[in-house]
Amino acid sequence: MKPRDLLRVGITGTVLTGICCFTPFLITVFSVFGVVSWLAWTDFVLFPMLGAFLILTIYSIKRIRRDPAASERDGEGSSSS
């Protein structure tokens, strides 16, 4: 996967997970469906996910900074179908 694609995935995942962790977004959405009690264990999942996406973002930024020309070449030679 290209470093730029990794960066997009990392940033998108970080933002979405951050919204779910630090705002009452999930409580509002799930209360409409009546499954708020299901949210008791989500912190055990959301915080590790947030950490993983932050690590992915940092890793992709370091790869892009290390060799910007290679980040554009990654994936061009291989054909995936």
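Mentor: Let's start with Thr14, which is found in helix H1 (residues 3–22). Helices here are DSSP runs of H or I with at least four residues, strands are runs of E with at least two, and both are numbered from the N terminus. Before going on, please keep in mind that this is a predicted model, where local features need pLDDT of at least 70 and side-chain atom pairs count only at pLDDT 80 or more, while totals for chains, interfaces and linings use all residues. Residues are numbered from 1 along each chain as its sequence is written, and side-chain values use heavy atoms, with hydrogens and water left out.

Thr14 has a relative accessible area of 17%, so it counts as buried (buried means under 20% relative accessible area, exposed over 50%, and partly exposed in between, with a 1.4 Å probe and protein chains only). What does Thr14 touch? Setting aside neighbours within four places in sequence, Thr14 is in contact with Leu50, Phe53, Leu54 and Thr57, where contact means heavy atoms within 4.5 Å. With Phe53 there is a further detail: the side chain of Thr14 reaches the backbone oxygen of Phe53 at 3.5 Å.

Thr12 is also found in helix H1. At 45% relative accessibility, Thr12 counts as partly exposed.

Asp5 is partly exposed, because its relative accessible area is 28%. Asp5 and Ser60 are 55 residues apart in sequence, and their C-alpha atoms are 8.6 Å apart in space. The side chain of Asp5 also meets that of Arg8 in a salt bridge, at 2.9 Å from N to O; the term stands for a side-chain nitrogen of Lys or Arg within 4 Å of a carboxyl oxygen of Asp or Glu. Why can such a pair form? Side chains of opposite charge can pair when their charged atoms come close. Arg8 and Asp5 both lie in helix H1, 3 residues apart, about one turn of the helix. Arg8 counts as exposed because its relative accessibility is 53%. The structure holds 1 salt bridge.

Cys21 belongs to the largest nonpolar core, which has 5 residues: Cys21, Leu26, Phe30, Leu39 and Leu46. Such a core is a set of buried Ala, Val, Leu, Ile, Met, Phe, Trp, Tyr and Cys residues joined through side-chain atoms within 4.5 Å. Not counting residues up to four places away in sequence, Leu26 touches Cys20, Leu39 and Leu46.

Stepping back, the protein chain has 4 helices and 0 strands. Of its 81 residues, 26% count as buried. Among contacts with a separation of 6 or more, 77% join residues 24 or more positions apart.

Finally, a word on confidence. The mean pLDDT of the protein chain is 78, and 83% of its residues reach 70 or more; pLDDT is the predictor's confidence in each residue, from 0 to 100. Over residues 77–81 the pLDDT is below 50, and beyond near neighbours in sequence this stretch has 0 contacts in the model. Where pLDDT is low, the predicted coordinates should not be read in detail.

Technical notes:
Polar contact = N/O pair within 3.5 Å; in protein donor to acceptor, adjacent residues only side chain to side chain.
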